[in-house]
Amino acid sequence: MTAASGAGLTLGTVTTSGDQDWTSAGDLGFGKLETTGAGGITVASTGGQVTGGMLTSATGATVSAKTALSVDDLTAAADARLSAGSSLKTKTVTAGTLTADAGGDLGFGTAQAAVLTADAGGALGFDRLTATGEATLTAGGALTGTTLSAGSATLRAASLDLGTATVTEALTAASTAGDTRFASLTAGRADLTSAGALTVTSGTVDGVLAATSSGDGRFDTLAAASVTASSGAGLTLGTVTTSGDQDWTSVGDLGFTQLATTGTGGIAVASTGGQVTGGTLTSATGATVSAKTALSVDDLTAAADARLSAGSSLTTRTVTAGTLAADAGGDLGFGTAQAASLTAGAGGALGFDRLTATGEATLTAGGALTGTTLSAGSAELRAASLD
């Protein structure tokens with residue numbers, strides 16, 4: 001069936017075994033369109049909007065509108081193509097492949113396809129999107145969604161705020177103007193870039209996680225093969241465990257609760273413009289922690305070398321390492337530290353409760369050097385005063 005109207009077009013319930021082709025110059029509305037056999041469906045308003053109820057195609061479906069497009073439920077055994085000059089919204093879409101573009105806002109309820117591509121000039125939002133293959137979502141405004149499941153995914157928008165994202169292979173997500181947030185993130189590997197703040201409340205990445213944010217970065221709980229992350233502002237880390245390396249850098253203050261590596265993973269933590277405050281750091285190999293200003297770590301364990309550096313004060317409660325090198329521009333304070341060899345230098349005072357070095361211990365302070373118990377294979381001590 002082929003029908004065209006120079007004005008509006010209103011359709012109730014239409015069923016055909018072959019194709020349906022509907023075109024109007026004005027607004028087009030339908031209740032239920034359905035094809036059986038080998039029939040496809042094409043619906044177009046060249047000068048107005050399209051408003052529809054249910055569309056079911058035995059093959060493909062194409063729906064386009066000059067202005068707004070709204071379809072409640074669309075099912076296409078093959079390709080589905082939706083295009084709107086302004087807003088586009090659907091309640092449910094199921095298709096072989098789905099392509100949707102809107103000049104304005106685009107909103108999905110539930111959409112499922114082998115491959116899914118959606119592009120909005122404005123905001124893009126969804127309740128649940130499922131793509132067994134690739135999902136590509138692009139928005140000029142905010143990208144928001146509750147649940148995303150895909151074989152691979154590329155997300156790009158002014159800002160991103162997602163609830164649960166599960167991506168079997170690679171996830172690439174970038175915000176161009178605002179913040180990026182994932183409440184729950186699972187991916188084979190992930191590359192995250194945020195023009196604003198970046199927040200991952202819970203994350204599991206089988207491979208490499210690379211993350212960059214211009215604003216504050218935050219990872220509450222994270223497990224990955226390896227991590228490289230940098231923040232142009234502050235960086236807050238909860239519990240992070242990797243089998244490989246962790247590399248964390250911030251321009252502002254950096255704080256962590258628990259960092260741990262297994263296997264052959266080492267840990268590097270650096271604040272290039274602020275302080276570092278940490279709880280527990282456990283490295284299967286080496287550890288490097290540096291701060292522009294103050295550095296404070298409760299408990300640090302490194303199977304190989306540990307290097308600690310602070311522009312001002314440096315304090316630790318317990319340190320155990322293969323070799324330990326620590327330097328502070330101001331005061332330096334150890335609780336208990338143990339290493340094969342130990343070197344510590346302080347611009348100010350240097351104090352400790354218990355230091356143990358099976359090899360050489362070298363302690364230098366611009367101020368007073370005070371300690372309770374020192375045990376070493378050999379020792380060199382130099383300070384303004386020693387007690």
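Predicted model: local features only at pLDDT ≥ 70, side-chain atom pairs only at ≥ 80, totals over all residues.
1. The largest nonpolar core holds 111 residues, and among its members Leu155, Leu171, Leu192 and Trp248 touch the most others. In soluble globular proteins, nonpolar side chains tend to be buried together. Taking Leu192 as an example, and setting aside residues up to four places away in sequence, its partners are Leu171, Ala173, Phe182, Leu185, Leu198, Val200, Leu209, Ala210, Ala211 and Thr212.

2. Nonpolar side chains are also found on the surface, where Leu374, Leu381 and Leu386 form a patch whose accessible area together is about 240 Å². Of these residues, Leu386 belongs to strand S29, which covers residues 385-386.

3. The count of salt bridges comes to three. One of them joins the side chains of Arg181 and Asp161, with an N to O distance of 2.7 Å. This pair links distant parts of the chain, since Arg181 sits in strand S15 (residues 180-194) and Asp161 in strand S14 (residues 159-175), 20 residues apart. Arg181 counts as partly exposed because its relative accessibility is 32%, and Asp161, with a relative accessible area of 33%, is partly exposed as well.

4. A further salt bridge is formed by Asp220 with Arg218, whose closest N and O atoms are 2.7 Å apart. Asp220 has a relative accessible area of 24% and is therefore partly exposed, while Arg218, at 39% relative accessibility, also counts as partly exposed.

5. Arg317 and Asp299 meet through their side chains in a salt bridge of 2.5 Å, N to O. Here too the pair links distant parts of the chain, with Arg317 in strand S25 (residues 314-328) and Asp299 in strand S24 (residues 295-310), 18 residues apart. Arg317 is partly exposed, with a relative accessible area of 47%, whereas Asp299 is buried, because its 18% falls under the 20% limit.

6. Ser213 lies in strand S16 (residues 198-213) and counts as buried, at 4% relative accessibility. Leaving aside neighbours within four places in sequence, Ser213 is in contact with Ser194, Gly196, Leu198, Ser230, Ser231 and Gly232. A polar atom of the Ser213 side chain lies 2.9 Å from the backbone oxygen of Gly215, and the C-alpha atoms of Ser213 and Ser250, which are 37 residues apart along the chain, are separated by 9.4 Å.

7. Thr16 is placed in strand S2 (residues 9-16) and is buried, with a relative accessible area of 14%. The side chain of Thr16 makes a polar contact of 3.2 Å with that of Gln20. Apart from neighbours within four places in sequence, Thr16 is in contact with Met1, Glu34, Thr35 and Thr36.

Definitions and conventions: Residues numbered from 1 in each chain as written. Heavy atoms only, no water. Core = buried A, V, L, I, M, F, W, Y, C linked by side-chain atoms within 4.5 Å. Buried < 20%, exposed > 50% of the residue type's maximum accessible area, 1.4 Å probe, protein only. Contact = heavy atoms within 4.5 Å. Patch = residues over 30% accessible without salt bridge, like charges linked within 9 Å, V, L, I, M, F, W, Y side chains within 5 Å. Areas by Shrake-Rupley, 256 points an atom, 1.4 Å probe, with all protein chains shown as cover. Salt bridge = Lys/Arg side-chain N within 4 Å of Asp/Glu carboxyl O. Helix = DSSP H or I, 4+ residues; strand = E, 2+ residues; numbered from the N terminus. Polar contact = N/O pair within 3.5 Å; in protein donor to acceptor, adjacent residues only side chain to side chain.
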